[in-house]
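Student: Could we go through this structure together, with the reasoning behind each label spelled out?
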Amino acid sequence: EISLGLVGSEMCIRDRNKGAYYEANLFLTNKDIAGLTSTNRQKVNQVMNAMKKEGRIDFDKKTIRLYKR
């Protein structure tokens, strides 16, 4: 079961199986994120994949979900 709600003024999605998370539609490549964070694309890939493995984020080509802890 998935429900929508507000946390402060931000949209929050709650999935019974995964808890609450923020979802954003991204149109940034890892290269774009690297440029914004003064690092390289490889480091962005490493950090995002480590966070995904830890269950802190999930992403695909168009969306990123940041899970609340």
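Predicted model: local features only at pLDDT ≥ 70, side-chain atom pairs only at ≥ 80, totals over all residues.

Student: How do you know that the span of helix 2 is close to the expected one?

Tutor: Helix 2 has 13 residues, and from its first C-alpha to its last it reaches 18 Å, which is close to the 18 Å expected at 1.5 Å a residue. After helix 2 comes Gly55, which has a positive phi near 80°.

Student: Which residue other than glycine has a positive phi, and where does it lie?

Tutor: Ser38 has a phi near 55°, a positive value in a residue other than glycine, and Ser38 belongs to the loop between helix 1, residues 30–36, and helix 2, residues 41–53.

Student: Why is Ser38 called exposed?

Tutor: The label exposed is given over 50% relative accessible area, and because Ser38 has 71% relative accessibility, Ser38 counts as exposed.

Student: Why is Thr29 called partly exposed?

Tutor: The range for that label runs between the 20% limit for buried and the 50% limit for exposed, and Thr29, with a relative accessible area of 43%, is therefore partly exposed. Thr29 is placed in the loop between strand 3, residues 19–25, and helix 1, and the C-alpha atoms of Thr29 and Val44, 15 residues apart in sequence, are 9.9 Å apart in space.

Student: How do you know that Ala34 is buried?

Tutor: Buried means under 20% relative accessible area, and Ala34 has 3% relative accessibility, so Ala34 counts as buried. Ala34 lies in helix 1, and, not counting residues up to four places away in sequence, Ala34 touches Thr39, Asn40, Arg41 and Val44.

Student: What makes a group of residues such as Ile33, Ala34 and Val44 a nonpolar core?

Tutor: Such a core consists of buried residues of listed kinds, including Ala, Val, Ile and Met, joined through side-chain atoms within 4.5 Å. The largest one here has 6 residues, namely Ile33, Ala34, Val44, Met48, Ile57 and Ile64, and at least two residues of this core come from each of helix 1 and helix 2. In soluble globular proteins, nonpolar side chains tend to be buried together. Met48, leaving aside neighbours within four places in sequence, is in contact with Asn30, Ile33, Ile57, Phe59 and Ile64.

Student: Why is Arg65 called buried?

Tutor: The limit is again under 20%, and with 14% relative accessibility Arg65 therefore counts as buried. Arg65 lies in strand 5, residues 63–67, and the contacts of Arg65, leaving aside neighbours within four places in sequence, include Tyr21, Tyr22, Asp58 and Phe59.

Student: How many helices and strands does the chain have, and in what order do the elements run?

Tutor: The chain has 2 helices and 5 strands, and from the N terminus on the order is β-β-β-α-α-β-β. Of the 69 residues in the chain, 22% are buried.

Terms used:
Residues numbered from 1 in each chain as written. Heavy atoms only, no water. Helix = DSSP H or I, 4+ residues; strand = E, 2+ residues; numbered from the N terminus. Buried < 20%, exposed > 50% of the residue type's maximum accessible area, 1.4 Å probe, protein only. Contact = heavy atoms within 4.5 Å. Expected span 1.5 Å × (residues − 1).
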